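Please look over the sequence and the structure below. A short report on packing and contacts follows.

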Amino acid sequence: MKLSAIRPIALVLSRELMITVLLLLGVSFVVFIILFASPGDPFSVLLEGQLSTAEAKTGVREAMGVPRSWYIQYLTWLAGMLSGNFGTSIRMGLPVLPEVLRVGFSTLILTIGSLMITLLIAVPIALYSAVRGTNKLSWPLTMSSYVISALPVFWFGYIVIYFFTHELGLFPIAFGFSTAGQKYRWLYQLLPIFVLGVGNGTISEVIRFLRQEMGRVMAEDYIRSARAKGASIWKHAFKEGLLIPVTEIIASKIPFILGGAVIVEQVFNWPGMGRMAWQAAQDRDYPVIMGIAILAAVFVRLGSLFQSVVYVAVNPRASKE
Amino acid sequence: MKKYSQISGEISEFSDLPFWKKADVVDLVYVGYGLLIVALVVVSYILGSFNLLPRDPQDIDLHLMMAPPGTAGRLLGTDFMGRDMLSRLIVGIQAYFLPGLLAILIALCFGTGLGVLAGYRGEKFDTGITYFTNLVDSFPRLVLILLVIAAFKPNIYYIMLVVGLTNVPVISSLVKGKIQFLKQKNFIEADIALGLPTRIIIFKHILWHHCRSLLIIQATLGMAEAILMETSLSYLGFGVQEPTPSWGNMVQSGANYFMQGKFWPSTAPALAILFTILGLHLLGDGLNNILEGKRNT
């Protein structure tokens, strides 16, 4: 790539990075406020059951140097987080950050995999209906995309498990990852990805958005000129009509898919962030759920960072706006 | 919640034909199905609140467990404890109906408020509001709700407050887009030139005349969102607890019998969720195509 092509990207990247940092600061502040406002701040949860009287608690507070005012608490907490100290899980007794990163990785696989599945289904349908227009197939396709989007993903997960264990007999009935040594273990790991990809409830929206964008580009004058001179329409329409909308939809759907992951991980016993968040909410394990919320927000912001980079790489004019 | 980009076009309300004559048949079918579902849900909600049920939803009948639908006296069969499925499905609506309305109300109020501020007052608030909406959008909704649950152990109304707040960005950006579109058409300038008070411009001319249909559409989609949230949370065990029925916990408890080939106890509520959300989505999209005049199949 030429230097002149990289410059606008670098410009936008630095601007977007700044916005990302600001937003993540905001995220940490919201998380802090929620925990601060909750009955029993993180500190008193730490001391829960250890000290009986209020005086003893304030005594320990002061002895440990825990500041009273909220903004100093926030800043200390933030500084701790920036140096990698997310606190210690109340239930597991382990430091939060390594635990959350470990499960975050497997959720990342689940999320990216299901995004791929969603796109694998949505892009051909959208392309087909954008290029061919309305025909006999479009009504059944639209209708089935509506139905799939309304499908409750937890029930869909059970149906898929039932089908594979009972009808095909590929897995033992026992759920979970006790499938070590099984022949089809890899397939079992693909199932949740497939289920979340199909059942995350965004398919009809993704199809509609892509179709609309592609339809808009196909109606542009430069496509008509390309068609007139016999050039490849695919080549001309690809960037504007497919690449940009797809990255846009990926960035905007990451939060939905992460939310859906909570449920799918529960159905399939997938050892990921969602399951850990569920467990943490069950146990009121503040540090863990806090770390997960922040990590999830980081995923979301990275997704939109990626989107703006692609956008500028395709369309350098955007950096001047 | 869905987001529709405001494509510049003619303001459709200016043509004289009534909307059902301009509309596509498919859209009318969508809206018809959606309205049917809404009517069913509302009637069931009223029946449930006055306890006018075919049977007691808690009545355990161990002689009639897992009855298939169509069994005499139990139209939709029974669950794994012999409780009447139809009654439980009707009572399950109680779990999301009012909380869902609350979520919609919150989203509409704050969404239009912020949208009007950003669109009408322009630059002064726009950056701040964009920051706020991006901030809300950074959290996966379910994770944020789990965080709130861990912190407060709130009941469903507080959870729906959070759901409503997470829907604010979509509505505010739509309202803002609409106002910018009207500004482009010199609509607001004309209003100001007429010397109308800001109150009238905003509430009557902008919100009532131009954002009404948009807000109705967002309300239907918001209800679908709320139902999905409530059922998901009940499924995860944070919402309504057994023995009080919610569609989510009915799926969850019925799923234990899935591997025995007994599908019905969990499939019936799942189908209820499916048909209801489908209806609300179709209603929203059909209305969007009809009222906003944007059919692009």
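Which residues does Ile289(A) touch, not counting residues up to four places away in sequence? Ile289(A) touches Ala277(A), Ala280(A) and Ala281(A) in its own chain, and Leu146(B), Leu147(B) and Ala150(B) in chain B. Two residues are in contact here if their C-beta atoms, placed from the backbone, lie within 7 Å.

## Basis of the model

This is a predicted model, in which local features need pLDDT of at least 70, side-chain atom pairs count only at pLDDT 80 or more, and totals for chains, interfaces and linings use all residues. Residues are numbered from 1 along each chain as its sequence is written, while chains are lettered from A and ligands numbered from 1 in the order in which they are written.

## Chain A overall

Chain A has 13 helices and zero strands. Helices (H or I, at least four residues) and strands (E, at least two) are DSSP runs, numbered from the N terminus. Chain A has 321 residues, and 37% of them are buried. A residue is buried if 20 or more other C-beta atoms lie within 10 Å of its own, exposed if 12 or fewer, and partly exposed in between; the C-beta atoms are placed from the backbone.

Contacts in chain A reach along the sequence. Take those between residues at least 6 apart: 73% of them join residues at least 24 apart.

## The nonpolar core

The largest nonpolar core holds 153 residues. Such a core is a set of buried Ala, Val, Leu, Ile, Met, Phe, Trp, Tyr and Cys residues joined through C-beta atoms within 7 Å. Ile289(A), Ile292(A), Ala293(A), Val143(B) and Leu147(B) touch the most other members. Helix α11 (residues 233-268) of chain A gives the largest share of this core, 14 residues.

## Where the chains meet

On the chain B side, 38 residues are in contact with 47 residues of chain A. Five helices of chain B each supply at least two residues to this side: α5 (123-138), α6 (141-152), α10 (212-236), α11 (247-255) and α12. The most come from α6(B), with eleven residues. By class, the chain B side has 27 nonpolar, eight polar and three charged residues. Ala, Val, Leu, Ile, Met, Phe, Trp, Tyr, Cys and Pro count as nonpolar, Asp, Glu, Lys and Arg as charged, and the others, Gly among them, as polar.

One helix pair spans the two chains. Helix α12 (residues 273-283) of chain A packs against α6(B) at about 20 degrees, with axes 8 Å apart. Axes are lines fitted to C-alpha atoms, for helices over the stretch in contact, and angles run from 0 to 180 degrees between N-to-C directions. The two helices are therefore roughly parallel. Angles under 35 degrees count as roughly parallel, over 145 as roughly antiparallel, 65 to 115 as roughly perpendicular and the rest as oblique. The crossing of α12(A) and α6(B) is left-handed. That term applies if the near helix is turned anticlockwise from the far one by less than a right angle; clockwise is right-handed.

From α12(A) come Ala277(A), Trp278(A), Ala280(A) and Ala281(A); they meet Val143(B), Leu146(B), Ile149(B) and Ala150(B) of α6(B). This contact has eight nonpolar, no polar and no charged residues.

## Helix pairs within a chain

In chain A, helix α9 (residues 203-218) and α11(A) pack at about 155 degrees, with axes 9 Å apart. That makes α9(A) roughly antiparallel to α11(A). Their crossing is right-handed. The α9(A) side of the contact includes Val206(A), Phe209(A) and Leu210(A), and the α11(A) side includes Ala237(A), Ile249(A) and Lys253(A). By class, the contact has ten nonpolar, one polar and three charged residues.

In chain B, helix α3 (residues 85-92) and helix α12 (residues 264-291) pack at about 40 degrees, with axes 11 Å apart. That makes α3(B) oblique to α12(B). α3(B) passes α12(B) in a right-handed crossing. Met85(B), Leu89(B) and Gly92(B) meet Ala268(B), Pro269(B) and Ala272(B).

## Two positive phi values

Most residues other than glycine have a negative phi. Asn269(A) has a positive phi of about 55 degrees. Asn269(A) sits in the loop between α11 and α12 of chain A. With 13 C-beta neighbours inside 10 Å, Asn269(A) counts as partly exposed.

Asn51(B) also has a positive phi, near 60 degrees. Asn51(B) lies in the loop between α2 (25-49) and α3 of chain B. Asn51(B) is exposed, with 10 other C-beta atoms within 10 Å.
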